[in-house]
Amino acid sequence: DDERRRIERDLHDGAQQRLTSLVMTLGTLHYQHQRGDDIAPLIQQARTDAQRAVDELREIVHGIYPSALSDHDLADALDELVLRTENAGLQATANIDLPAGLPTHIQVGVYFATSELVTNVTKHAGATSIFLLAHHTPDGTLFVTVQDDGHGGAHTGGSGLLGVIDRIETLGGHVRISSPTGGPTRITLEVPCASS
């Protein structure tokens, strides 16, 4: 049951988002084609979205392991995530201090949960900046905090945030959410884990 739930979360956080983007692109392509507009850029976007979905599904089939962690540890993967956020137009800063050798299942779970939080900021928060803090305490607890300067009001009614909570609780951790109306939103993942 845990494995099934983990696969469901990975599909939601990865391939499902790519396929949703593809459906939206195809809808726009159809509309612009009917108007006689140039659709070549949208065709290329649809190809890109489809390839990303294939890549995400391949990751799930081959051990459910995110590509960002294939060649890097969690600290480097989170750095890469912040860089992609900057490329999306947000001012992003990070303070990441994590040891090497964290358990693989912890790295995967925390990476996917953090990625979902960052995606939520870029899509829904109306933010101009994001801050990511990650550290590991001597008592063996991993903390990751994502904070943004958006409009606040984040809640657990959406499947994205529920998926984050479910993923972290499966690891024996918990999620703290502070998101008053008007912001800022601050979400902290807390996961017990010892480095090896």
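**A look inside**

Mentor: Searching the whole structure turns up 1 cavity of 30 Å³ or more; a cavity is a set of points on a 1 Å grid over the protein atoms alone where a 1.4 Å probe fits but cannot get out. The model is predicted, so local features need pLDDT of at least 70 and side-chain atom pairs count only at pLDDT 80 or more, whereas totals for chains, interfaces and linings use all residues. Residues are numbered from 1 along each chain as its sequence is written, and side-chain values use heavy atoms, with hydrogens and water left out.

The largest cavity has a volume of about 40 Å³, taken as the space filled by probe spheres set on the grid points, which are joined across faces, edges and corners. Its lining (residues with an atom within 4 Å of a point) consists of Val82, Thr85, Ala92, Thr93, Val118, Ile130, Phe131 and Leu132. Helix 3, strand 1 and strand 2 each give at least two residues to that lining; helices are DSSP runs of H or I with at least four residues, strands are runs of E with at least two, and both are numbered from the N terminus. Strand 2 has the largest share of the lining, 3 residues.

These elements also meet in the fold. Leu78 is in contact (heavy atoms within 4.5 Å) with Ile96, Leu98, Tyr111, Thr114, Leu132 and Ala134, its neighbours within four places in sequence left aside. Of these, Leu132 is also one of the residues lining the cavity.

Leu78 and Tyr111 are among the residues with the most contacts inside the largest nonpolar core, which has 38 residues. Such a core is a set of buried Ala, Val, Leu, Ile, Met, Phe, Trp, Tyr and Cys residues joined through side-chain atoms within 4.5 Å; buried means under 20% relative accessible area with a 1.4 Å probe, protein chains only. Helix 3, helix 4 (104–124), strand 2, strand 3, helix 5 (159–170) and strand 5 each give two or more residues to the core. Helix 4 gives the most, 9 residues.

Helix 4 also holds Glu116, which counts as buried because its relative accessibility is 4%. Leaving aside neighbours within four places in sequence, Glu116 touches His12, Asp13, Gln17, Gly160 and Val164. Asp13 belongs to helix 1 (residues 2–35), and at 14% relative accessibility Asp13 also counts as buried. Ala92, from the cavity lining, is 79 residues from Asp13 in sequence and 21 Å away in space, C-alpha to C-alpha.

Strand 5 is largely enclosed by the rest of the structure, because 6 of its 8 residues are buried. Strand 3 and strand 5 run antiparallel and are joined by 8 bridges, with Thr145 opposite Thr188 in strand 5. Strand 4 is joined to strand 5 (residues 185–192) by 5 bridges, also antiparallel. Ile177 stands opposite Ile187 in strand 5, and Ser178 has Arg186 as its bridge partner. The hairpin of strand 4 and strand 5 has 6 residues between the strands, and Gly182 there takes a positive phi near 95°. Pro184 sits in the loop between these two strands, and the peptide bond from Gly183 to Pro184 is cis, with omega near -5°.

Key. Pairing = 2+ DSSP bridges. Buried < 20%, exposed > 50% of the residue type's maximum accessible area, 1.4 Å probe, protein only. 1 Å grid on protein atoms, 1.4 Å probe; cavity = no way out; pocket = protein on both sides within 12 Å on 5 of 7 lines; lining within 4 Å.
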